[in-house]
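Here's a quick briefing to read alongside the coordinates. Keep the viewer open and click through the residues as they come up.

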Amino acid sequence: MTTIIQFLWQYFYRNETKYKTNQTNKAAWCKACLKGNMYILAESDAVKTRAGQLLAVRSQEDLQKSDLALENVAPVCGKAERMLAHIKTCKFISTDDRTLIILTCKPSAAPTNNISPPSPSTSLRVSSTVTPVPLSTQNSSRPVKRSKSLHGASPEFSADLCKLLIALNTAWVAAENPSLHRFIHKWVGPEVVVEDRRILSGRVLDQEVQRVENEVISKVRGKLATGQCDGFKNVAKSSVVSTMMSVEYEPYLVQTHDVTREAKTGDQLLKHVLEDKKLMEEKFGTQLIGWCTDDGPDGKKMRRLLQGLFDWLIVILCWAHQINLVVGDFLVIRRAVTEDINHALEVIKWFNNHSTALALLQTEQILTFEGSFWALILPAITRWTAHYHAITRYLKLKQPLQICWTRNEDRLITCAGTKQELQEKARNICALVRDESLWHRLGKIQKILEPLAIAANVAQASHTRLDHVLLMLGNLVRIFSQNLEFDEDLRLGVLASLEKRWKKADQDVFITAVFLNPFIRGSLLNKASLTDIDLYAILERVYERVMRRKADLDFLAAFEDYRLKHAEFSDERMGLELMKSKFAAEDVNHGRNAIVKLAIHIFSVVANSAGCERVELSNQEDDDDNFPPYIMPTLSEPTTIPVNGVQQATRRPSTSRNHKTQIPLSELFNFTIRPEEGLEFYWPGSKKNLEEELRAHESVFGGNSASTATSSRVN
């Protein structure tokens with residue numbers, strides 16, 4: 001007969017080593033733990049072999065001879081109760097074997113402390129495939145114990161798990177959830193060790209931050225950068241300012257400042273900007289050439305102070321914000337425009353808040369559109385084109401909306417609720433849907449919003465350049481000047497708003513950007529307002545300010561050749577990438593090379609702070625421009641826009657470095673040239689992008705019902 005202690009020794013390894021200071025009992029190493037750790041060592045060898053740190057993976061025999069697995073496994077005392085206690089908690093022993101061992105060793109099963117040896121067919125063996133310990137076999141009042149190896153968890157696995165928890169916005173404590181451990185052990189491998197939450201949020205996170213920073217530094221070092229900053233409130237209601245740098249049209253997060261306890265002033269913002277400027281230049285090794293913010297009070301003063309400290313910086317407004325402000329100016333020209341949009345949004349919100357009504361509308365759409373149905377979109381202020389998309393979709397669904405109310409009026413009123421005021425609200429919605437004059441006015445509003453939405457699409461891209469902005473503004477002036485189907489007060493109001501925004505801009509750098517675009521040059525500029533001499537004066541002024549070097553006679557000769565498409569600046573030989581590579585090796589900043597370096601400089605500036613907006617999007621609240629999420633702003637007193645201020649006297653550019661060019665948009669361009677030959681250079685692509693953006697709006701803002709989240713086709 002075999003005793004319990006003899007039976008348990010089948011699952012433990014022993015040699016002549018005593019357990020610690022115990023002179024009676026030997027040290028016992030669990031065979032399952034040894035096998036599991038040998039597997040971990042083999043996997044570690046495989047990783048090191050792929051990294052070139054080892055020549056080959058060691059065999060199981062070599063690992064056994066090296067006693068590494070023995071060193072990595074903590075022994076237990078060679079007493080029956082200690083060995084049995086280890087088996088109950090060992091995660092490397094299969095569930096079936098653990099159960100059989102525990103049942104076999106029960107005192108009731110062996111009253112004489114002797115047990116029969118298992119037959120060969122039922123002999124208990126350590127499982128060759130290790131499985132996690134089920135919770136049912138452990139004391140539910142204590143957390144699952146986790147074996148630790150000398151090497152610990154795989155660094156790559158821990159890093160990926162850290163990134164996964166961050167991407168899912170999951171609390172770090174999830175790393176200690178037994179369900180996560182079971183899932184990982186089942187589908188990844190039982191030998192995987194999940195690091196403690198304190199390690200993941202500490203050492204592992206710090207390593208990932210350092211790795212990302214090193215990758216960013218390797219990408220941006222020695223390149224031109226545009227700084228961006230914007231303030232907002234995060235989900236914790238803390239006021240923060242995020243700073244980004246755009247390098248080769250790719251935005252990178254630099255730093256986020258908690259400014260909750262600080263005064264929101266331009267001086268305070270300047271302190272953070274100077275700190276971040278130093279970080280960009282010293283840590284990331286970039287050459288800062290410009291800075292962009294929105295037009296809030298603190299940003300306005302900060303830009304003025306920053307320009308005073310570094311006059312060579314190209315300090316500009318965010319033109320995505322500026323186009324949004326033009327839309328805001330349009331909406332308050334007439335109170336009726338805001339009211340009409342609010343009426344449409346009331347209908348959209350009512351249907352999305354009543355699932356029965358939404359289901360009836362979807363059914364009607366399937367009948368009307370032969371199997372397709374679309375969502376009603378609720379706009380959000382962080383999406384600058386959302387109101388255009390909301391009105392466009394609402395107009396598309398005019399027919400199914402009206403038919404739905406005609407066929408199901410009683411059901412729609414009933415589904416609103418039993419209270420009289422709720423049913424009265426439903427009848428008001430019905431009246432809005434049947435109001436033909438409202439539909440007609442919304443159609444006119446949508447036509448005015450469309451070019452502004454396309455302009456917003458141009459202005460908010462991560463690669464928006466200065467020439468993009470000025471060509472976009474010129475095209476808007478052309479549209480609202482020549483399209484007489486727009487109501488005159490609305491048309492002139494938009495034009496006045498565009499001129500107002502343009503007047504505040506650093507016009508020299510924008511005009512220079514358009515001229516240095518080899519596809520445009522000076523072909524679109526109005527010679528009556530901007531002669532070749534005036535144009536050279538602007539180019540010279542920008543060059544001397546930005547490059548901090550005097551222009552020479554070679555610069556003038558290069559300007560003439562570029563303007564006339566001569567020599568290396570001819571259409572056949574001109575190419576920005578070719579010119580960039582040609583002069584990259586030359587450490588010269590004068591002559592013909594100077595105009596190329598200026599072009600590279602100007603075209604590297606990003607004319608928006610959209611990178612900061614993307615950081616802000618997941619944080620819910622914006623400090624600036626914050627309208628209610630679904631209702632457009634209605635002002636107690638409509639803003640007066642001086643429509644007669646569109647035409648302004650042209651002021652000739654001066655050769656003075658401190659001169660501020662002031663040429664109205666209406667006089668800057670030659671509008672007799674066909675738009676497809678210049679002003680609409682970037683327009684068709686942005687118009688196409690609106691369709692893709694509509695699908696994004698639909699999935700995010702389509703309503704509460706999952707069935708309305710995307711456009712669907714029912715077969």
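This is a predicted model: local features need pLDDT of at least 70, side-chain atom pairs count only at pLDDT 80 or more; totals for chains, interfaces and linings use all residues.

Taking the contacts with a separation of 6 or more, 72% come from residues 24 or more positions apart.

**Helix pair H19 and H20**

- Two packed helices are described by the angle between their axes and the distance between the axes.
- For H19 (residues 466-482) and H20 (residues 488-503), the axes come within 9 Å and cross at roughly 155 degrees.
- Angles over 145 degrees count as roughly antiparallel, and H19 and H20 are therefore roughly antiparallel to each other.
- H19 passes H20 in a left-handed crossing.
- On the H19 side, the contact is made by Leu470, Leu473, Leu476, Val477, Phe480 and Ser481; H20 brings Arg491, Val494, Leu495, Leu498 and Trp502.
- Sorted by class, that H19 contact with H20 has 9 nonpolar residues, 1 polar and 1 charged.

**Helix pair H13 and H17**

- H13 (residues 335-352) packs with H17 (residues 420-433) at an angle of about 125 degrees, and their axes are 10 Å apart.
- That angle makes H13 oblique to H17.
- This crossing of H13 and H17 is left-handed.
- His343, Glu346, Val347, Trp350 and Phe351 of H13 make the contact with Lys425, Ala426, Ile429, Leu432 and Val433 of H17.
- The residues in the contact of H13 with H17 split into 7 nonpolar, 1 polar and 2 charged.
- As for its length, H13 has 18 residues and reaches 26 Å from first C-alpha to last, close to the 26 Å expected at 1.5 Å a residue.
- Which residues of H13 are buried? The list is Val337, Thr338, Asp340, Ile341, Asn342, Ala344, Leu345, Val347, Ile348, Trp350, Phe351 and Asn352.

**Helix H7 and what follows**

- H7 (residues 155-167) has 13 residues, which should span 18 Å at 1.5 Å a residue; the end C-alpha atoms are 18 Å apart, which agrees.
- Buried in H7 are Phe157, Ser158, Ala159, Leu161, Cys162 and Leu165.
- An α-helix has 3.6 residues a turn, so residues three or four places apart point the same way.
- Helix H8 (178-187) and helix H9 (197-220) are included in what covers the buried residues of H7.
- Just after H7, Asn169 takes a positive phi of about 55 degrees.

- Most residues other than glycine have a negative phi, and most peptide bonds are trans.
- Arg521 isn't a glycine, yet it has a positive phi of about 55 degrees.
- You'll find Arg521 in the loop between helix H21 (507-516) and helix H22 (532-546).
- Is Arg521 buried or exposed? With a relative accessible area of 2%, Arg521 is buried, since buried means under 20%.
- Arg548, also not a glycine, has a positive phi near 55 degrees.
- Where does Arg548 sit? Its place is in the loop between H22 and helix H23 (553-564).
- Arg548 has 49% relative accessibility and so counts as partly exposed.

Notes. Residues are numbered from 1 along each chain as its sequence is written. Side-chain values use heavy atoms; hydrogens and water are left out. Axes are lines fitted to C-alpha atoms, for helices over the stretch in contact, and angles run from 0 to 180 degrees between N-to-C directions. Helices (H or I, at least four residues) and strands (E, at least two) are DSSP runs, numbered from the N terminus. Angles under 35 degrees count as roughly parallel, over 145 as roughly antiparallel, 65 to 115 as roughly perpendicular and the rest as oblique. A crossing is left-handed if the near helix is turned anticlockwise from the far one by less than a right angle, and right-handed if clockwise. Contact means heavy atoms within 4.5 Å. Ala, Val, Leu, Ile, Met, Phe, Trp, Tyr, Cys and Pro count as nonpolar, Asp, Glu, Lys and Arg as charged, and the others, Gly among them, as polar. Buried means under 20% relative accessible area, exposed over 50%, partly exposed in between (1.4 Å probe, protein chains only). The expected span of a helix is 1.5 Å times one less than its number of residues.
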